[in-house]
Amino acid sequence: MIRRQDIRFSAEGGVELSAWLFTPALDGPLPAISMAHGFAGTKHHGLAPIAEALAGAGFVVMLHDHRGFGDSGGEPRSDVNPWRQIADWRRAISCLQDRPETDENRIGVWGTSFSGGHAIVLGATDRRLKAVVAQVPTIDGFAGGLRRVPPDAVEALEVRFAADERAQSRGEAPAMQAIVGEAGSGASYSAADAVSFYLQPVPPGVWENAVTVRSTWWSRMYAPGEFIERVSPTPLLMVVAEHDHIAVTDLALKAYERALEPKRLVMITGGHFDPYLSQREAALSAAVEWFKQHL
């Protein structure tokens, strides 16, 4: 039987972050896994079954919401700052280490999509972690963005970023845009699979289809793949989808080639959202095996 608790912990600036703690009915202290969602997602977006399955394999699992999203505190809301999220994640790892259920020396990290990039950065820079799983990870926000934004639209996007920055300097709130919407609407994503995933049913009040414009600006500056050689000697598992149009497949494969041992690559069929859906069992079984081997 798996027990799920709602917990909260403090991050820098007095912001309280919300998490679910999944604990198996086993005698501790147990190895543990820290998890979080990707770009503008919450723990309500399809991650609970994954966390429960990891707990069922014998791990304590803590799944937290990033600041400004879901049940976590923080202002402004719906603001995706990758380096702020990574700093908060370090606090999540500290919180997990301090739990009586966990073995503080056997902590792993699991990230997906944008947070898969975070998992790479954390694995490279935080030696408390003993195993890393990066599922369909962001590798290079600029290179990936060039695949989604037509060349003739880049100048207008840069003008939008600059106008938003100047408006904030005058005291205005950050400009907003939709996370998913029709092509040409200015939303972050317009592909049908992205729209379906983000608009899945979630409890009222925990998510809205909105993100700051500067989140896109920051994501285009973010290149977690630059850290991949530094993950070693921490073991790294990368789960890559064959037809990923968001965390683009060829960028992930090139990054994996640069990673040092110990490492493992698992290819799954389908696109970016299939590890949560049709290919969840394949991606999950690889993660369970990796964590069992190294935690």
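**Cavities, a buried glutamine and salt bridges**

The largest cavity is lined by His-37, Gly-38, Phe-39, Gly-41, Ser-113, Tyr-189, Phe-197, Tyr-198, Ile-246, His-272, Phe-273 and Tyr-276. A cavity is a set of points on a 1 Å grid over the protein atoms alone where a 1.4 Å probe fits but cannot get out, and lining residues have an atom within 4 Å of a point. The model is predicted: local features need pLDDT of at least 70 and side-chain atom pairs pLDDT 80 or more, whereas totals for chains, interfaces and linings use all residues. Residues are numbered from 1 along each chain as its sequence is written, and side-chain values use heavy atoms, without hydrogens or water.

The largest cavity holds about 80 Å³ of space (the volume filled by probe spheres set on the points, which are joined across faces, edges and corners). Its lining comprises seven nonpolar and five polar residues, with no charged residue. Here Ala, Val, Leu, Ile, Met, Phe, Trp, Tyr, Cys and Pro are nonpolar, Asp, Glu, Lys and Arg charged, and the others, including Gly, polar.

Over the whole structure, two cavities reach 30 Å³ or more. Ile-50, Trp-110, Gln-135, Pro-275, Arg-280, Ala-283, Leu-284 and Ala-287 form its lining. Six of these residues are nonpolar, one is polar and one is charged. Helix H9 (residues 280-294) contributes the most to this lining, with four residues. Helices (H or I, at least four residues) and strands (E, at least two) are DSSP runs, numbered from the N terminus.

Helix H2 (residues 82-97) contains Gln-85. Gln-85 has a relative accessible area of 3% and is buried (buried, under 20%; exposed, over 50%; partly exposed, in between; 1.4 Å probe, protein chains only). A polar contact of 2.8 Å joins the side chains of Gln-85 and His-118 (N or O atoms within 3.5 Å; within protein, one able to donate a hydrogen and the other to accept it; residues adjacent in sequence count only if both atoms are side-chain atoms). Beyond its neighbours within four places in sequence, Gln-85 is in contact (heavy atoms within 4.5 Å) with His-66, Phe-69, Val-80, Phe-114 and His-118.

The whole structure contains 16 salt bridges (a side-chain nitrogen of Lys or Arg within 4 Å of a carboxyl oxygen of Asp or Glu). Glu-12 and Arg-84 form one through their side chains, at 3.5 Å, N to O. Glu-12 sits in the loop between strand E1 (2-10) and strand E2 (16-24), and Arg-84 in helix H2, so this pair ties together parts 72 residues apart in sequence. Glu-12 is partly exposed at 46% relative accessibility. Arg-84 is also partly exposed, at 23%.

Helix H2 takes part in a further bridge. The side chains of Arg-90 and Asp-126 meet at 3.5 Å, N to O. Arg-90 belongs to helix H2 and Asp-126 to the loop between helix H3 (114-125) and strand E6 (129-135), so the pair links parts 36 residues apart in sequence. Arg-90 is partly exposed, with a relative accessible area of 27%, whereas Asp-126 is buried at 6%.

Another salt bridge pairs the side chains of Lys-254 and Asp-250 (3.9 Å, N to O). These residues are four apart in helix H8 (residues 249-258), and therefore about one helical turn separates them. Lys-254 is exposed, with a relative accessible area of 55%. Asp-250 is partly exposed at 26%. Elsewhere, salt bridges with shared partners connect Glu-12, Arg-67, Arg-84 and Asp-88 in one network.

Conventions: 1 Å grid on protein atoms, 1.4 Å probe; cavity = no way out; pocket = protein on both sides within 12 Å on 5 of 7 lines; lining within 4 Å.
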